[in-house]
Amino acid sequence: MEIGLQKANSKGSYRGDRLFRRLALCCALTIPLLMIGIVFELVRNSRLSLAQFGFGFLTSKAWNPVTQDFGALSSMYGTAVSTLIAMLIALPLGFVIALFLVELAPPRLSAFFGSAIELLAAIPSIIYGMWGLFVFAPFMSNFVQPLLGKYLDFLPLFQGPPLGIGMLTAGIILAFMILPYISSVTRDVFQMVPPVVKESAYGIGATNWEVTKAVTMRYSLRGMVGAAFLALGRALGETMAVTFVIGNNHQIAASLFASGNSIASTLANEFTEASDPIYLSALVELGLVLFLITFVFQAAAQLWLWSIKKKLA
Amino acid sequence: MKLVVKSLKYRRLANRTVQVLSALSASVGLAMLLWILIVVFLRGFKAINLSFFTQLPMPPGMVGGGLANAIAGTLLITVLAALIGTPIGLMAGIYLAEFGKGRKLAAGIRFFTNIMIGVPSIIVGVFVYTLIVLPSKSFSTYAGAAALAIIMLPVVVRTTEDMLTMVPNSLREAGLSLGVPNWRVILGITFRAARSGLITGVLLAVARVSGETAPLLFTALNSPYWINSLHEPVANLTVTIFNYAMSPYADWKQQAWGASLLIMGGVLFLNIFARIAIKTKTRTR
């Protein structure tokens, strides 16, 4: 090989090594620099709004570009509720799918379903948006919402006209977007359970489900929590799919059928329209809020998963 | 333990129930995938014809025209982003895998890389807007490419590190023992050993950013014209889908479906291609 012909131990090669190493370090440092840059830019460009609204920004329901009165509460509420719906659906579903892939399905079927779920994660979010707006929202308003309204209308959650577009639809679509993350991370965690432990449980005559409940799930509980956190971070910041179907209305309604907005959808819809400096500044501050929320959840997930790895190692 | 007390009949029933439930859940996931794929294919197929690929968009309300400029724009932005993001990402991955073992600095960078992967793409859009678009006073191709590159970067870093750490140390040692400088060992031996994995990683990262919309909304914006210069807003498929889908015109909505099919087809093709590439490679080894 040509590389073998290099002059060994010459001064030049040492210099080359040092240069290469420094170059690699510089490239690696771009990532923390970008993170710092993001925080810096977001704070710098939201200073108008920070100065004018202070902490009241977080507790104010107002969002009025005409009177220039802005508050993040309705957007934060929408982000929280849509994420909550998504998690409530996707968590059990994702765990059970992982269970199916690891414990119950025959290997061939498991590989097939596994790649199908991974493809679900690869579909761009704008496609979910298109499908959600033109196919899933009508489906919700024609079939699902009338049913919920008929049988569960004593709950304020399911009252109001079944428009299709709104918080519930956004939450369900989000659920299917984060489902692959939950199931694939959980699958990896399930596969880390030592077979010997499982076999010993099978050996004393436990059924499939009992082994899962008593061994696999107990063994991988911490990993499952990590998976949930990662998915949560995803759901909080998802933009396009939510923007298409949430209705983009700055209100806080008790009913899940009502339209609302999320931080990300507000940014997507209004950013290019914001002509006043204070309007733009308020939008950037919304972005800052979203960034900080996702940062906290992602950091928590990383530290959590890291501590597990340390414990297992 | 509790489970010993229960009757065999009950235990079998519980087992069966969970088995059926889990198979059902997996089928729901599969059904969703198929539902989306079929809808996009059927609706998108109607919009696709020759003029879709060769003509510029028509003014609002007029029938016909195509998205040739948006197709070119998406390709341009994605290629530019890959050109920026890939080398930096590869080098950063090299640092973490080859020089950063056991170092606190590397652990910190790794931590931020993982967090960066989870930063919402719209935030990156806002960041690039304030960093590039505001000072230059114009939406531009390079702002869009920069946003996509930033999203791509941490993904490339992590897969690069993963792939390089999988290369056995004996290969590196063999090279070093011949007196080959470390940097040539990394590029000539370690990289070559991890090649298929690295290619897959980069392809997956490209696939991921090529379907992104949120970071382009206020960086590249959109345009009904051909690309003139990198300093101007540029037409691209994903923002076009968003604009057309929200428009009141049936013909535009139709074209949005066509664009959706194109984007989805491209992204899924890249995904499947990348995965098959790595599978066949590992099998032949």
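This is a predicted model: local features need pLDDT of at least 70, side-chain atom pairs count only at pLDDT 80 or more; totals for chains, interfaces and linings use all residues.
Residues are numbered from 1 along each chain as its sequence is written, chains are lettered from A and ligands numbered from 1 in the order in which they are written, and side-chain values use heavy atoms, with hydrogens and water left out.

Let me begin with the salt bridges, where a salt bridge is a side-chain nitrogen of Lys or Arg within 4 Å of a carboxyl oxygen of Asp or Glu. By this rule the count over all chains is seven. When I speak of helices (H or I, at least four residues) and strands (E, at least two), I mean DSSP runs, numbered from the N terminus. I will also call residues buried under 20% relative accessible area, exposed over 50%, and partly exposed in between, with a 1.4 Å probe and protein chains only.

Within chain A, Glu41(A) pairs with Arg44(A), and their closest N and O atoms are 3.2 Å apart. Both residues sit in helix H1 (residues 11-45) of chain A, three residues apart, which is about one turn of the helix. Glu41(A) counts as buried because its relative accessibility is 7%, whereas Arg44(A), at 35%, is partly exposed.

A second bridge joins Glu103(A) to Lys198(A), with 3.0 Å between the closest N and O atoms. This pair links distant parts of the chain, since Glu103(A) belongs to helix H4 (residues 73-104) of chain A and Lys198(A) to helix H8 (residues 195-203) of chain A, 95 residues apart. Are these two partners buried or exposed? Glu103(A) is buried, with a relative accessible area of 13%, and Lys198(A) is buried too, at 15%.

I turn now to the spaces in the model, which were found on a 1 Å grid over the protein atoms alone. A cavity is a set of points where a 1.4 Å probe fits but cannot get out, while a pocket is an open set with protein on both sides within 12 Å along at least five of seven lines, and lining residues have an atom within 4 Å of a point. Grid points are joined across faces, edges and corners, and a volume is the space filled by probe spheres set on the points.

The structure holds three cavities of 30 Å³ or more, and the largest cavity contains about 40 Å³ of space. Its lining includes Thr74(B), Ile77(B), Thr78(B), Glu212(B) and Asn236(B). Which helix gives the most to that lining? It is H3(B), with three residues.

The second largest pocket has a volume of about 270 Å³. Among the 14 residues that line it, those closest to its centre are Thr74(B), Leu75(B), Ser210(B), Ile263(B) and Gly266(B). Helix H11(B) supplies the largest share of this lining, six residues.

Phe45(B), in helix H1 (residues 8-47) of chain B, counts as exposed because its relative accessibility is 53%.

I finish with the backbone. Gln68(A) has a positive phi of about 55° although it is not a glycine, and Gln68(A) lies in the loop between strand S1 (63-64) and strand S2 (69-70) of chain A. Lys137(B), also not a glycine, has a positive phi of about 60°, and Lys137(B) is exposed, with a relative accessible area of 75%.
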